[in-house]
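Please open the model in your viewer and keep the selection tool at hand.

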Amino acid sequence: MFTKAITRKPCRALIDGISTAMFGEGTPIYEDAIAQHAKYVETLESLGLEVTVLEGDERYPDSCFVEDPAVVVPEFAVITNSPRESRNGEKYEILPTIKEFWPEDRIFYIEAPGTMEGGDVMLVGKHFYVGQYERTNAEGARQFNEIVTQFGYTSSTVPVTEGLHLKDFVINLENNNLLVSPVMDAQPAFKDFNRYVIDPDELYAINSMYINGTVLVPQGYPKTLKLIQDLGYPTLPVDTNEFRKIDGSLTCLSLRF
Ligand code: CIR
């Protein structure tokens, strides 16, 4: 059960966010991003979460994607280590907020040469699947494993071969249900789950977000929306169009705990 979330407003420098344009082209419009972010926060609040909203940080174009500089569960928090120069400093900016919720002896750090971003970390029960690719390396995953096992969690790595983060291609909807890309569908690590394969033209909607029984779904993906509704979940559409232009999606915009 999530009770809290941390978010950060987009900044004007958002237009310089890293983009592969894998899900949509164009330059984000700041004012629209601000409006969409406010709606996102409102949606989380409507589900009972107490949301901390940090101010935009112009030094870091991608800093609204707070999921990446930290991984959090109630027992502990891990400050990650992005290999991207324009993102690495975000870890220092999220730390004071993390310290408001976790005592110092429950905060851990991925250290160089280890790299990691939270978008690569998917929790199912007490097991973390860690995507390994551009942003999270083997050493980052190794350090992470050492941290989480102290608290009765386990972790394993999954190769990411399609794009940015693990959670762009597989997401946990609880109840043993995963939304997956065709590539993740074939991934042995996920063979025991109920896997729902998302059409290639709706891949962006894999990154839907389960919050306490309800699923937030990016607006504009009718097939995925119907699939999730047919599974019996109440759904809430959320417009993330401006964030999509720089590879951002629903889970990236918050830390939930
Ligand atoms: C980046 O490339 O780092 C950002 N433009 C997008 C980050 C998205 N984060 C996520 O999926 N957790």
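A residue is called buried when its relative accessible area is under 20%. The model shown is predicted.

Begin with Tyr204 and Tyr221, both of which are buried. Phe128, at 1% relative accessibility, also counts as buried, as does Phe144 at 0%. Display the rings of Tyr204 and Tyr221: their centres lie 5.6 Å apart and their planes meet at 40°, so the pair is tilted. This pair links distant parts of the chain, with Tyr204 in the loop between β11 and β12 and Tyr221 in the loop between β13 and α6, 17 residues apart.

Next, consider the aromatic pairs, of which the whole structure contains 16. Select Phe128 and Phe144, whose ring centres are 5.0 Å apart and whose planes stand at 80°, so the pair is edge-to-face. Phe128 belongs to strand β7 and Phe144 to helix α4, so the contact ties together parts 16 residues apart in sequence. Lys126 lies over the face of Tyr153, at 4.4 Å from the ring centre.

Finally, select the open sheet of three strands, ordered β9-β10-β11 with mixed pairing. Strands β9 (170-172) and β11 (194-197) are at the edges, each with a single partner strand, so one side of each has no neighbour in the sheet. From one strand to the next, the twist averages 25°. Strands β10 (residues 177-180) and β11 run parallel and are joined by four bridges. Select Leu179 to find its bridge partner in β11, Tyr196.

Technical notes. Residues are numbered from 1 along each chain as its sequence is written. This is a predicted model: local features need pLDDT of at least 70, side-chain atom pairs count only at pLDDT 80 or more; totals for chains, interfaces and linings use all residues. Side-chain values use heavy atoms; hydrogens and water are left out. Two strands pair if DSSP finds at least two bridges between them. Helices (H or I, at least four residues) and strands (E, at least two) are DSSP runs, numbered from the N terminus. Axes are lines fitted to C-alpha atoms, for helices over the stretch in contact, and angles run from 0 to 180 degrees between N-to-C directions. Rings of Phe, Tyr and Trp (its six-membered ring) pair if their centres lie within 6.5 Å; planes under 30 degrees apart count as stacked, over 60 as edge-to-face and the rest as tilted. Buried means under 20% relative accessible area, exposed over 50%, partly exposed in between (1.4 Å probe, protein chains only). A charge sits over a ring if NZ of Lys or CZ of Arg is within 6 Å of the ring centre and within 35 degrees of the ring normal.
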